[in-house]
Amino acid sequence: LTFPLLSVTLLVSFGSSMLYGYNLAVVNSPAEHIKAFYNATWSQRYGHGLGPAPLTLLYALTVSIFALGGLVGSLLVGVLVERYGRNGALSRSALLVLLAGGFMGFSRELGSPEMVIIGRSITGLHSGGCFLGCAQPLPHGSVPYSHSWGDGEGFVFPTGSNLRGFLGLMPSIFICLGVFSAQVLGLPELLGKDRFWPLFLSVVVVPASLQLLLLHCFPESPRYLLIERNDICGATKALHQFLGSPDVQDVIEEMKEEQRSLSSMEVVSVWQLLRDRSVHWQTLSVAVVNAGMQLSGIDAIWFYTNTIFENAGIPASQIPYTTMGTGAIEVVAGLIGCFTIERVGRRPLIITGFCAMGVCSAGITISLLLQAALPWMRYVSVACVVGIIAGFCMGPAGVPFLMTAELFMQSHRPAAYIVGGSLNWLCNFTIGFIFPFLQMSAGAFCYLVFCGVCLLVALYVYLVIPETKNKTFMEISHIFA
């Protein structure tokens with residue numbers, strides 16, 4: 001893993017995965033300030049404030065609209081990458097973030113809650129196109145290594161190499177760092193005050209600007225240059241810079257072979273994928289793990305951490321620091337998963353992660369029910385939240401994306417990513433929108449929903465999905481059969 005290749009991987013992850021994590025958690029700390037702004041603006045416009053239910057509805061829309069933008073972005077990214085390449089698609093996505101930052105940063109000055117909602121939707125559009133589209137499959141797969149993965153379906157990672165799992169989980173590390181950054185900046189001593197919340201939301205322009213400036217220092221994806229543009233000279237120059245070796249002819253020949261393979265291969269549509277009985281169980285598995293990843297309750301934790309701790313009885317003055325502590329543990333758990341995936345495999349990490357999340361979700365319910373009689377149960381609630389975050393970051397955070405690539409041949413992979421990504425964003429929106437109402441109606445029992453989802457997904461993975469570490473597509477397909 002050469003320095004230029006590592007640098008571009010880190011740059012793309014910084015401006016995509018980290019930004020995605022930041023946008024997940026940035027609405028948590030200033031929630032009350034944003035609600036107060038909405039209420040005051042409504043009162044100025046119509047002469048009366050918003051009731052609790054309409055205010056909750058408006059704020060839930062602000063939180064969850066990010067996921068709807070992400071869904072649209074994930075569906076458009078293929079067109080952008082095909083037309084402009086990886087660097088071009090990332091640059092245009094970064095420009096969207098600058099626009100979103102302007103909307104959110106000036107929303108209070110212009111007295112417009114609509115600008116906050118529009119800004120959130122645009123950041124989602126960027127994350128959908130950048131994180132799940134450009135950051136996930138392209139940088140790590142765009143520079144082929146010495147062997148193809150599987151039976152020549154595509155150059156992703158060499159079988160047996162620890163890079164396949166390690167780099168596959170790298171985006172999840174940056175998601176954790178993004179969440180932690182939002183929690184740190186949300187402290188009262190920094191941007192957690194009422195007058196700073198527009199600036200807090202618009203900080204997203206900083207990493208986007210850096211990515212926009214630095215992307216021009218790196219060449220375009222060699223794989224895109226050769227396969228899509230048929231630019232052998234450009235691909236050779238890019239490989240020289242990325243691999244740091246003057247002899248890249250073997251790699252060029254591999255990409256040419258892939259180009260010939262792709263030209264004779266028909267890429268299936270989503271509808272064809274859903275109707276293909278030969279990959280029925282693989283498609284169902286992708287749907288289960290991607291939907292389960294978002295329905296596990298992790299989005300509720302990220303979006304509404306402060307509210308959860310407030311309901312658990314944590315003193316208001318301690319909540320920002322407790323939240324930041326959970327973010328630090330989240331980063332550590334992500335690193336553990338990243339460095340152990342090739343040792344223990346995909347299945348143990350994802351099964352253990354979902355089981356831990358399920359048990360801890362049930363633990364939150366029990367602690368909330370008993371905290372009136374046992375005040376110390378509030379700390380059990382905190383421990384359970386930490387357990388949910390740690391369990392998620394060690395496996396479910398990144399393994400579903402990695403498994404989506406490993407369960408399908410190249411012809412089916414794009415459609416599988418669309419299915420998994422769409423479910424991912426739809427479930428993200430669902431949890432972000434309904435959780436406040438679920439919490440109001442079900443109280444402490446709302447976490448049992450997440451408990452059931454986590455345990456059912458863990459059981460499905462245990463019974464159906466094989467271990468994919470160091471296996472080709474044909475071997476995995478044979479196990480499913």
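A crossing of two helices is left-handed if the near helix is turned anticlockwise from the far one by less than a right angle. In this predicted model, the crossing of helices α18 and α22 is left-handed. Helix α18 comprises residues 346-370 and helix α22 residues 447-464, and their axes come within 8 Å of each other. The axes cross at roughly 160 degrees. Angles over 145 degrees count as roughly antiparallel, and α18 and α22 are therefore roughly antiparallel to each other. On the side of α18, the contact involves R347, I350, I351, F354, C355, M357, G358, S361, A362, I364, T365 and L368. These residues meet Y447, L448, F450, C451, C454, L455, V457, A458, V461 and Y462 of α22. By residue class, the contact of α18 with α22 divides into 18 nonpolar, 3 polar and 1 charged.

The protein chain as a whole has 23 helices and 0 strands. Of its 481 residues, 58% count as buried. Among contacts between residues at least 6 apart in sequence, 80% join residues at least 24 apart.

The crossing of α4 and α9 is left-handed. Helix α4 contributes L90, S91, A94, L95, V97, L98 and G101 to the contact, while α9 contributes V205, A208, S209, Q211 and L212. In the contact of α4 with α9 there are 8 nonpolar residues, 4 polar residues and no charged residues.

Aromatic side chains were considered next. A pair of aromatic rings is described by the distance of the centres and the angle of the planes. Rings pair if their centres lie within 6.5 Å, and by this rule the count comes to 15 aromatic pairs. One of them is formed by W302 and F392, with 5.4 Å from centre to centre and 85 degrees between the planes. Planes over 60 degrees apart count as edge-to-face, and the pair of W302 and F392 is accordingly edge-to-face. W302 lies in helix α15, residues 298-303, and F392 in helix α19, residues 377-394, so the pair ties together parts that are 90 residues apart in sequence. W302 counts as buried at 4% relative accessibility, and F392 counts as buried at 5%.

The rings of F433 and F437 have their centres 6.1 Å apart and their planes at 45 degrees, so this pair is tilted. F433 and F437 are 4 residues apart in helix α21, residues 413-442, and are thus separated by about one helical turn. F433 is partly exposed at 22% relative accessibility, and F437 is also partly exposed, with a relative accessible area of 27%. Elsewhere, ring pairs link F303, Y304, F435, Y447 and F450 into a cluster. Y447 and F450 of this cluster are also among the α22 residues that meet α18.

N306 is placed in helix α16, residues 305-311. The relative accessible area of N306 is 16%, and because buried means under 20%, N306 counts as buried. Leaving aside its neighbours within four places in sequence, N306 is in contact with N28, S29, I319 and T323.

Methods: Residues numbered from 1 in each chain as written. Predicted model: local features only at pLDDT ≥ 70, side-chain atom pairs only at ≥ 80, totals over all residues. Heavy atoms only, no water. Phe/Tyr/Trp six-rings, centres within 6.5 Å; stacked < 30°, edge-to-face > 60°. Helix = DSSP H or I, 4+ residues; strand = E, 2+ residues; numbered from the N terminus. Buried < 20%, exposed > 50% of the residue type's maximum accessible area, 1.4 Å probe, protein only. Contact = heavy atoms within 4.5 Å. Nonpolar A, V, L, I, M, F, W, Y, C, P; charged D, E, K, R; others polar. Axes fitted to C-alpha atoms, helices over the stretch in contact; angles between N-to-C directions. Parallel < 35°, antiparallel > 145°, perpendicular 65-115°, else oblique.
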